Amino acid sequence: MSDAHDHIDKLMQELRRGTITIGALSQLYEPRYGYSLVTTLKKKGIQVEAGTLYPLLRRLEKQGLLESNWDTNEARPRKYYVLSNTGKEVLDLVRVEWLNIVASMDNLMMKRGGEDEND
């Protein structure tokens, strides 16, 4: 593997960490259990392993961004997560920031060498 591939793997790992958090939050307006969230994210192009997602959900709950409830009506109990009111507010703010970042990055990536069009 070339040096470029080593670097891209590391950069993509860093980028995925944040996008998985934002992606998970964005899908929790309605209650979902962990595995259904893994499946939904995968269908929408965000690859995440259950072993990564479950600790993330617990952390977000501890931070007050998510609420959870156990459903014991099925043969297999499932813990459902949903955005708390604070989580909804945070996601709304993150959405604005994300769109600004995407616009800025699109602008940067369209130009080579960081030159301004007017230079």
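Predicted model: local features only at pLDDT ≥ 70, side-chain atom pairs only at ≥ 80, totals over all residues.
Helix H2 itself spans residues 34-43, and its buried positions are Gly34, Ser36, Leu37, Val38, Thr40 and Leu41. Just beyond the end of H2, the backbone of Gly45 adopts a positive phi of about 95°.

The partners are Tyr33 and Tyr80, arranged edge-to-face with 5.4 Å between the centres and 75° between the planes. Because Tyr33 belongs to strand E1 and Tyr80 to strand E3, the pair ties together parts that lie 47 residues apart in sequence. Tyr80 has a relative accessible area of 23%, so this residue counts as partly exposed. The ring of Tyr33 has a further neighbour: the charged end of Arg78 sits over this ring, 4.0 Å from its centre.

Two salt bridges are found in the structure. One joins Lys79 to Glu61, with 3.5 Å between the closest N and O atoms. This bridge links distant parts of the chain, as Lys79 is in strand E3 and Glu61 in helix H3, 18 residues apart. Lys79 is partly exposed at 22% relative accessible area, and Glu61 is likewise partly exposed at 25%.

The other salt bridge brings together the side chains of Arg95 and Asp92, at 3.3 Å from N to O. Both residues lie in helix H4 (residues 85-109), three residues apart, so about one helical turn separates them. Arg95 is partly exposed, with 37% relative accessibility, and Asp92 is partly exposed with 40%.

Methods:
Residues numbered from 1 in each chain as written. Heavy atoms only, no water. Buried < 20%, exposed > 50% of the residue type's maximum accessible area, 1.4 Å probe, protein only. Helix = DSSP H or I, 4+ residues; strand = E, 2+ residues; numbered from the N terminus. Phe/Tyr/Trp six-rings, centres within 6.5 Å; stacked < 30°, edge-to-face > 60°. Lys NZ or Arg CZ within 6 Å of the ring centre and 35° of its normal. Salt bridge = Lys/Arg side-chain N within 4 Å of Asp/Glu carboxyl O.
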